Amino acid sequence: MQAKRRRTVLTKKEQAALPVLPSEALDIARELATEGVREHTIRRTLGLSPAQWKKLKEDSEEGELSPLALALEEGRADGAGEIVAFMKNKMLAEGSERAAEWLADRVFKINKGDGNGDDAPRVLIQINAALSPEDYGRVINVQYDQ
């Protein structure tokens, strides 16, 4: 008995029937994103299926963000701005060193150095200490000082 295959792609007719989000829905998405709500919850709040959500978030052919993706990004940026403003106020008004350290580390990336961040490639060289100088000479080109 062969199992029935499940469709994973919308038909053209179904794609044409996707909703165009009204500005009120985009405002709701923006506001929820500002509050840090997960996309899954925002999608369900707007009453969209996963396929509709995916389609509405797709960029245009010119590479521009879709209205939904733009609303989500704007909301996240507003939320992040509120956090930064809060920490700046805490640093200035209360003299909080912890807030200053947080801002320096997370926002302004002070004392990270150029290219020495956590995303820098790591190189590990292991040399077997049990090799004699002659064996090392065979493994690598060794120049002895004379």
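Which residues are linked in a network of salt bridges?

A: The network of salt bridges links Glu39, Lys57, Glu73 and Arg76. A salt bridge here is a side-chain nitrogen of Lys or Arg within 4 Å of a carboxyl oxygen of Asp or Glu. The model is predicted, and local features therefore need pLDDT of at least 70 and side-chain atom pairs count only at pLDDT 80 or more, while totals for chains, interfaces and linings use all residues. Residues are numbered from 1 along each chain as its sequence is written, and side-chain values use heavy atoms, with hydrogens and water left out.

Helices (H or I, at least four residues) and strands (E, at least two) are DSSP runs, numbered from the N terminus. Arg76 is partly exposed, with a relative accessible area of 34%, and Glu39 is also partly exposed, at 24%. Buried means under 20% relative accessible area, exposed means over 50%, and partly exposed lies in between (1.4 Å probe, protein chains only).

Helix α3 spans residues 39–46, and its buried residues are Ile42, Arg43 and Leu46. Seen down the helix axis, these buried residues fall within an arc of 100 degrees, so they line one face of α3; the arc is that of the directions from the helix axis to the C-beta atoms. They pack against α2 (23–34), α4 (50–57) and α5 (67–94). Ile42 touches Ala29, Leu32, Ala33, Val37, Trp53 and Leu72, leaving aside residues up to four places away in sequence. Contact means heavy atoms within 4.5 Å. Just after α3, Gly47 takes a positive phi of about 75 degrees.

Ile42 and Leu46 also belong to the largest nonpolar core, which has 13 residues; Leu21, Trp53, Leu68 and Leu72 join them as the residues with the most contacts inside it. Such a core is a set of buried Ala, Val, Leu, Ile, Met, Phe, Trp, Tyr and Cys residues joined through side-chain atoms within 4.5 Å. Helices α2, α3, α4 and α5 each supply at least two of its residues, and the largest share, 4 residues, comes from α2. In soluble globular proteins, nonpolar side chains tend to be buried together.

Other charged pairs lie elsewhere, for the structure holds 8 salt bridges. One of them joins the side chains of Glu94 and Lys90 at 3.2 Å, N to O. Both residues lie in helix α5, 4 residues apart, about one turn of the helix. Glu94 is exposed at 56% relative accessibility, whereas Lys90 is partly exposed at 27%. Another salt bridge is formed by Asp105 with Arg106, where the closest N and O atoms are 3.7 Å apart. Asp105 is partly exposed, at 34%, and Arg106 is exposed, at 53%.

The whole chain gives the setting for these details. It contains 7 helices and 0 strands. Of its 146 residues, 18% count as buried.
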